[in-house]
Amino acid sequence: MMTRYLFGELSEAEQSQLEARYFTDAQTFDQLTQLETELVDSYARGRLSTRMRERFERAYLGNPDRRARLRFGEALAAKLDEIAASRVAERTGVGGSSWWQRFSSSLRGGRRVLAFSLALALLLVSSVSVWLFIHSRHLRQDLARAREAQAAQEQREREARQQLDSEKARAQELTAELEHARTEPELQPTPTAPESPATTVAAPSVASLVLIAGGVRGVDTGAPPTLLIHKGTRLVRLQLKLRENEYRSYQLALQAVGGREVFNRRLKPATGRRGASFTITLPASEVAAGDYILTLKGSAPGGELEDVSQSPFRVEKK
């Protein structure tokens, strides 16, 4: 397991488990350091199998710190071989042993100080190498977590900007509707009772009629409301009050029964404390005596027009 750890072949969970052990257990850390030292020594002396050598090179040659550690190990192995070769009496016994055993033998010779210094330096470099490897792995994990947090923050900022743009568009739409309502002409109040579904007001210059949208009618058996246009009247004003404002826009059409179309336009209702309503003003000369139908259609989300109401009335001229 320690070999696989040094070669970077463990899973995240296994790496964390092993690191928790050698951080709390000095013996485990020493074993890991000694194992890396023996692997470096075996690689420097060409004692690793082909498969093990490939795994070693894949893990160590791609890392600058580990390459420096490997070069130091190779130089140390060569120096110990030189020390061992100087002792002819021990050449046969030391020839097949590891450099650690050669180092022990060299301690009994005349070059004890040099051999001890080199071995101590190797142990120190090995410990630092293991620590740097662990530290760099933790830094990579911290960097990955920081990048994930940054990505999540950017996503939240994008969603907030989209919501803000949507609110701005809605505010602009409401402002436009308010301006439209302000530009609509105010209808003068009629002197008749408010509960009447239709009211006629005659004036010297303007004839007005108020209708209430009551749905699409088939056969109307009741008497339709009447608009009286006196001689000298210049304008005709029709107001259609909505019971429910369910569409974003409407089409309002005025047509004589069995005759021509007098008015047809796409409109938005004016809204106020009394509800929503449409008001159209026409020259009195365009409205002849007879029966008329004021048809209202709503624009559905798909663009098609849906019938909302048909309000019949009669025009009489005096």
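# Notebook: salt bridges, rings, a helix and a sheet

I started with charged side chains and found Arg 170, Glu 173 and Arg 248 linked in a network of salt bridges. For the record, a salt bridge here is a side-chain nitrogen of Lys or Arg within 4 Å of a carboxyl oxygen of Asp or Glu.

Housekeeping before going on. This is a predicted model, so I keep in mind that local features need pLDDT of at least 70 and side-chain atom pairs count only at pLDDT 80 or more, while totals for chains, interfaces and linings use all residues. Residues are numbered from 1 along each chain as its sequence is written, and side-chain values use heavy atoms, with hydrogens and water left out.

**Entry: salt bridges**

How many salt bridges does the whole structure hold? My search gave nine. I looked at some of them one by one.

Glu 9 pairs with Arg 55, and their closest N and O atoms are 2.7 Å apart. This one links distant parts of the chain: Glu 9 sits in the loop between H1 and H2, Arg 55 in helix H4, 46 residues apart. I use DSSP runs for the elements, numbered from the N terminus (helices are H or I with at least four residues, strands are E with at least two).

Are the two partners buried or exposed? I call a residue buried under 20% relative accessible area, exposed over 50% and partly exposed in between (1.4 Å probe, protein chains only). Glu 9 is partly exposed at 29%, whereas Arg 55 is buried at 15%.

Next I checked Arg 314 and Asp 291, whose closest N and O atoms are 2.8 Å apart in a salt bridge.

Asp 307 and Lys 297 make another salt bridge, with 3.9 Å between the closest N and O atoms. Here again S10 supplies one partner, Asp 307, and S9 the other, Lys 297, ten residues apart. I noted Asp 307 as partly exposed at 47% and Lys 297 as partly exposed at 29%.

**Entry: aromatic rings**

I count six aromatic pairs in the structure. Rings of Phe, Tyr and Trp (its six-membered ring) pair if their centres lie within 6.5 Å; planes under 30 degrees apart are stacked, over 60 edge-to-face, and the rest tilted.

Phe 7 and Phe 56 are edge-to-face, at 6.3 Å centre to centre and 85° between the planes. Phe 7 lies in the loop between helix H1 (2-6) and H2 and Phe 56 in helix H4 (residues 50-60), so the pair ties together parts 49 residues apart in sequence. Both Phe 7 and Phe 56 are buried.

Tyr 250 and Phe 278 have ring centres 5.2 Å apart and planes at 75°, so I put this pair down as edge-to-face. Tyr 250 is in strand S5 (residues 250-256) and Phe 278 in strand S8 (residues 275-283), so parts 28 residues apart in sequence are tied together. Tyr 250 is buried at 1% relative accessible area, and Phe 278 is buried at 3%.

I also noted a cluster, in which ring pairs link Phe 7, Tyr 43, Phe 56 and Tyr 60.

**Entry: helix H2**

Which residues of H2 are buried? I get Gln 15, Leu 18, Glu 19 and Tyr 22.

**Entry: the five-stranded sheet**

What is the strand order in the open sheet of five strands? I read S3-S10-S9-S5-S6, with mixed pairing; two strands pair if DSSP finds at least two bridges between them. S3 (226-229) and S6 (261-267) are the edge strands, each with a single partner, so one side of each is left without a neighbour in the sheet.

S5 and S6 are antiparallel over six bridges. Along that pairing, I found Gln 255 standing opposite Glu 261 in S6.
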